[in-house]
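Here is a friendly walk through one protein chain, written to be read with the model open beside you.

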Amino acid sequence: ADVPKMVEAIQSRVDILSKSKKLPKGLAAATFDSAKASFEEMKATWTQATTAAASGNAVEAVSQGEAAKAKGHLEKSNYSAAIIELRNAREKAPDNAEIRFLLGKSLLERGEFDAAEGELRKAEALKYPADALAPAIARALLAQGNVRKVVDEYGKVEIADPQGRADLATLAGIERRDAKIL
């Protein structure tokens, strides 16, 4: 019952802001667009959960439901709550690459770099898209001081997604500059 209410509340706020001629001070259009896209992903995950429940796949339904709740927490930058939901989902669906990726990103945001890298590497092994993974793993490695590893692993990786490519280029640029200092 919590997720449908949360989705409804967020949808209401998104609709109001979408109809506004001017966004509130401090909310950039790009940030709002990104939040809307993330919200759409959360709704899609919730739809998958309800579909799994309707087909009798309770384990998948519960893990997808927890992932949807985690995405709601991530939208509010509540990483601790997202991590709890994602760890619960991971217990039920350890081979779900998206859950591993979201958990890794949440841990990264909370500063748990070793654990973040571990989850992101598991998502990589489960074939999560490299466009999203490469910048996240590079950030985790950088935060752990693994300068050479970032340059070696990601210095020449090609990313199709423009945002992912920019993120990785920025990280690789930082790494190369740091490597010269060492």
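## Helix H3 and what follows it

In helix H3, the buried residues are Ala61, Ser63, Gln64, Gly65, Glu66, Ala67, Ala68, Ala70, Lys71, Gly72 and His73. Keep in mind while looking at them that this is a predicted model.

Which residues does His73 touch, leaving aside its neighbours within four places in sequence? They are Asn78, Ala81, Ala82 and Glu85.

Just after H3 comes Ser77, with a positive phi of about 55°. Ser77 has this positive value although it is not a glycine. Its place is the loop between H3 and H4, and with a relative accessible area of 45% Ser77 is partly exposed.

## The chain as a whole

Stepping back, the protein chain has nine helices and zero strands. Read from the N terminus on, its elements run α-α-α-α-α-α-α-α-α. The chain has 182 residues, and 36% of them count as buried. Taking contacts between residues at least 6 apart in sequence, 55% join residues at least 24 apart.

## Helix H5 and its surroundings

Now turn to helix H5, residues 97-109. The same kind of length check works here: 13 residues at 1.5 Å each should span 18 Å, and the end C-alpha atoms of H5 are 18 Å apart, which agrees.

How many of the 13 residues of H5 are buried? The count is 10, so H5 is mostly covered, given that buried means under 20% relative accessible area. These buried residues are Ala97, Ile99, Arg100, Phe101, Leu102, Leu103, Gly104, Ser106, Leu107 and Leu108. Their cover includes H3, helix H4 (79-92), H6 and H7.

One of these partners, H7, spans residues 130-143, and its axis comes within 10 Å of the axis of H5, crossing at roughly 35°. The crossing of H5 past H7 is left-handed. On the H5 side, the contact is made by Phe101, Lys105, Leu108 and Glu109, while H7 contributes Ala132, Leu133, Ala136, Arg139 and Ala140. Sorted by class, this contact has six nonpolar residues, three charged ones and no polar ones.

## The aromatic pair

How many aromatic pairs does a search of the whole structure find? The search finds one. The ring centres of Phe101 and Tyr128 are 4.4 Å apart and the ring planes lie at 15°, so the pair is stacked. Phe101 belongs to H5, whereas Tyr128 sits in the loop between helix H6 (113-125) and H7, so the pair ties together parts that are 27 residues apart in sequence. Phe101 itself is buried, at 7% relative accessible area.

The loop between H6 and H7 also holds Lys127. Phi of Lys127 is near 70°, a positive value in a residue other than glycine. Lys127 is exposed, with a relative accessible area of 70%.

## A stop in helix H1

Finally, look at Leu17 in helix H1, residues 2-19. Leu17 counts as partly exposed at 22% relative accessibility. Apart from neighbours within four places in sequence, Leu17 is in contact with Leu23, Pro24, Leu27 and Phe32. Of these, Phe32 is 15 residues from Leu17 along the chain, and the two C-alpha atoms are separated by 8.7 Å.

## Accessibility side by side

The residues visited above are gathered here for reference.

| Residue | Relative accessible area | Class |
|---|---|---|
| Phe101 | 7% | buried |
| Leu17 | 22% | partly exposed |
| Ser77 | 45% | partly exposed |
| Lys127 | 70% | exposed |

Notes: Residues numbered from 1 in each chain as written. Predicted model: local features only at pLDDT ≥ 70, side-chain atom pairs only at ≥ 80, totals over all residues. Heavy atoms only, no water. Buried < 20%, exposed > 50% of the residue type's maximum accessible area, 1.4 Å probe, protein only. Helix = DSSP H or I, 4+ residues; strand = E, 2+ residues; numbered from the N terminus. Axes fitted to C-alpha atoms, helices over the stretch in contact; angles between N-to-C directions. Left-handed = near helix turned anticlockwise from the far one by under 90°. Contact = heavy atoms within 4.5 Å. Nonpolar A, V, L, I, M, F, W, Y, C, P; charged D, E, K, R; others polar. Phe/Tyr/Trp six-rings, centres within 6.5 Å; stacked < 30°, edge-to-face > 60°. Expected span 1.5 Å × (residues − 1).
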